[in-house]
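Here's a quick briefing to read with the model open beside you.

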Amino acid sequence: MLPKFIDIEDISKILENLKTNGIPLGLFKDKVIYLNSKDATKGIAYHEAFHAIFRTVLSDAEIARLLAEAKKEYKGKITEDIDRLRNYSSEYSSLSNSELEELVYEEYMADKFEQFKKDSTIRN
C-alpha cells in the first residue's frame, strides 16, 4: 500500500540505484528521504535533509542566492563534474548543462551541510 505519490516504478528505480556499484547512500525523491541502511549513521541523513529543505522550503529567490554563493566558493572542476553527473544516471543525461551545473552546486552545499553537522556532533 504505497501513497499515491509513489508508484512501483519509483520504488524499482530506487532499488536498482541501491544495487549498483556506485551505491547511493541516500536519495531524496518525491518529498521522501531514502537512506541505505549500511551507511545511515555516517551523516548521509544530513546530506539528504539539505536536499529536502533546499527543494521544498526555499523560495526561488533564496535558491538562486545560495546557488550564486556556492558557485563563488566551488573549487571543483565544473565541466568534469557536470560530465560525471550526466553519466551517473539516465535521469541526468537529458538535463542541460546549466541544470547539471545547478545540481553540482546543490550537491556541494549538501556535502558542506553534512560535514558541518558531523563536525558539530564531534564538538558536542
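Let's begin with Phe-54: beyond its neighbours within four places in sequence, it is in contact with Ile-63, Leu-66, Leu-67, Glu-106 and Met-109. Keep in mind that this is a predicted model.

**The nonpolar core**
- Phe-54 turns up again in the largest nonpolar core, which has 16 residues; along with Leu-67 and Met-109, it touches the most other members.
- Four helices each put in at least two residues of this core: α2 (44-56), α3 (60-73), α4 (78-88) and α6 (97-123).
- The largest share comes from α6, with 7 residues.

**A look at α4**
- Which residues of α4 are buried? They are Asp-81, Ile-82 and Leu-85.
- Looking down the axis of α4, you'd find its buried residues within an arc of 100°, so they line one face of the helix.
- Turned away from the buried side of α4 is a face with the exposed residues Thr-79, Glu-80, Arg-84 and Asn-87.

**The whole protein**
- The protein has 6 helices and 2 strands, running in the order α-β-β-α-α-α-α-α along the sequence.
- Of its 124 residues, 29% are buried.
- Among contacts with a separation of 6 or more, 48% link residues 24 or more positions apart.

Methods: Residues are numbered from 1 along each chain as its sequence is written. This is a predicted model: local features need pLDDT of at least 70, side-chain atom pairs count only at pLDDT 80 or more; totals for chains, interfaces and linings use all residues. Side-chain values use heavy atoms; hydrogens and water are left out. A nonpolar core is a set of buried Ala, Val, Leu, Ile, Met, Phe, Trp, Tyr and Cys residues joined through side-chain atoms within 4.5 Å. Buried means under 20% relative accessible area, exposed over 50%, partly exposed in between (1.4 Å probe, protein chains only). Contact means heavy atoms within 4.5 Å. The arc is that of the directions from the helix axis to the C-beta atoms.
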